Amino acid sequence: SPQVVWSMLGNRQFCSYKMTTKTQNFCRNEYNLTGLCNRSSCPLANSQYATVREEKGRCYLYMKTIERAAFPRRLWERVLLSKNYEKALEEIDENLIYWPRFIRHKCKQRFTKITQYLIRIRKLTLKRQRKLVPLRRKIERRENRREEKALIAAQLDNAIEKELLERLKQDTYGDIYNFPIHAFDKALQQQDAESESDSDAEREEDDDDEDVDKREFVEAEDSELSDFEDMDKLETSSEEEQEEEEEVEKKGSHSKWKGKTPLKGPARRKRPYIEIEYEEETEPSTKTKAA
Amino acid sequence: AGEGSGAVPGDGTDPPAPERVLFPPTFSVSEIKNKQRRHFMFLRWKQQQRKEKLALKKKRRKEREALGDKAPPKAIPKTIENQRVFDETTVDPNDEEVAFDEATDEFAPYFNRQTVPKILITTSDRPRGRTVRFCEQLATVIPNSHVYYRRGLALKRIIPQCIARDFTDLIVINEDRKIPNGLVLSHLPEGPTAHFRMSSVRLRKEIKRKGKEPTEHVPEVILNNFTTRLGHSIGRMFAALFPHNPQFIGRQVATFHNQRDYIFFRFHRYIFKSEKKVGIQELGPRFTLKLRSLQKGTFDSKFGEYEWIHKRREMDTSRRKFHL
């Protein structure tokens, strides 16, 4: 009888469908109506039981009665429910007409939930679906390794610097950067071809131009070489207001600098000139002795 | 009995110097069953090999010095780039056909300065924090770009709207498990669509020794090593993202460097310290791309016409063959 079954399975002995968690017991039996392990929801411990299950998008009502308890093959009777929601509810009611209220109610609830998730499935299949592409471990590893090696082989910093210097040489920057060596050498070459008097006049003009234009870069080379604070300062210094200030300040000191040794000259001038005197203490003692 | 078993044999039990070890003719280190002993013998064998190699080098160097001027020139070491299988689609700078193609392809209006690039950056559904930040940073790097979030909109419907609003390019960053891992770059009015796999994404805060934020100036573009026909078209796609008139005052440069089919993107600020020396400072995000497919029209995964797809079985057979 069902009470005996429940007293065995439910509480004391082992039920293979029972799953216990900290707060609750679940029943893994596929015919279970609620999914919990209860006296009223256990399909094994109730001789009269009903469930709603869906297969391939269609819902069926499964019923079990005492009369068929001896025939396991015919135990569960299956009724196809209509696709129309209200009609299906009526069909459930018809089939379970004199059955306990609990089972009827739970069947209808379960049926509602199933129809809702079926609707959701149909809606989602119409939308864009994410295609899951499996990663192949060996290939991923191979590609990562190759990427690392390619990065090392690329020598990006050098490549970029080379390219920028190329562009500078090819004059893509125009008049912004006016490096003295470049311009000076060019001027020298021009002088060889022309007469001296003309070249002198050119040279003076060139000097003035060079002094005026190179001022902002002189600033950079004076302060530390590869300092990144430098870069930030220089960004702001590219504005015209500061350029004028610098010009006024530095005109006197840098007029002679031709740019041959860009770093050493100004750097030397900036360092304070210190003279160190050494005193010897032994002198007074010898003097007294002599006296 | 002379050779130790089990415990690591010290040098006392073995012949004192490795050079005098005489192995029986058919001996091989891998046949010793004892693992520790085998390891020991292998190390000894390795030492011997190294010694021989060193001796050989010295001998060669001596010969070289002895010959003096008559010595043969030093051999160039082989690198993968040296040994690269010659690709028949390598672009010759003077090739007329290529020049003609480029004058009439989808990027011609850009290179003729008729269109100004306007870029839309978006992500896949529900982007996580890292991807969002990456999109923002990318938007600061590429001038005239806008970030829009995709709330479940279909790309096919976004594209006509973009064209209507005069966007020239569309970038979609695909995300997987909270990191961006794919990039789809689509040139909008009927342009080619390139799908890349993105890796090693570093945001600005993860870059060491970085500078301040990128300013609004238009950066210069450097495209390195795009040699083949395919590489050339991809290079043009990248170039078309940036406006044609770089502002040299900003001193910013965006680099797309192709090495062995991996495209490295960097964003730097440069400064010329002298005529022969330039300093660069990295700002901005960095990432690497690997081309997966190039489609002729705009993004259409089912019915699009693919110009090039990476087929692993056919294309990854040789270590020295690259396609870009």
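In strand E4 of chain A, A:Met63 is the bridge partner of A:Ala50. This is a predicted model, where local features need pLDDT of at least 70, side-chain atom pairs count only at pLDDT 80 or more, and totals for chains, interfaces and linings use all residues. Residues are numbered from 1 along each chain as its sequence is written.

Q: What makes E3(A) and E4(A) a pair of strands?
A: Two strands pair if DSSP finds at least two bridges between them. E3(A) and E4(A), residues 58-64, have seven bridges in the antiparallel sense, so they count as paired.

Q: Why are E3 (49-55) and E5 (76-80) of chain A called edge strands?
A: The sheet is open, with the order E3-E4-E5 in chain A and antiparallel pairing. Each of E3 and E5 of chain A pairs on one side only.

Q: How do you know that A:Glu143 forms a salt bridge with B:Arg197?
A: The rule asks for a side-chain nitrogen of Lys or Arg within 4 Å of a carboxyl oxygen of Asp or Glu. For A:Glu143 and B:Arg197 the closest N and O atoms are 3.2 Å apart, so the pair qualifies. Across the interface of chain A and chain B, five salt bridges are found.

Q: What makes the residues between chain A and chain B part of a contact?
A: Contact means heavy atoms within 4.5 Å. By that rule, chain A gives 42 residues and chain B gives 45 residues.

Notes:
Chains lettered and ligands numbered in written order. Heavy atoms only, no water. Helix = DSSP H or I, 4+ residues; strand = E, 2+ residues; numbered from the N terminus.
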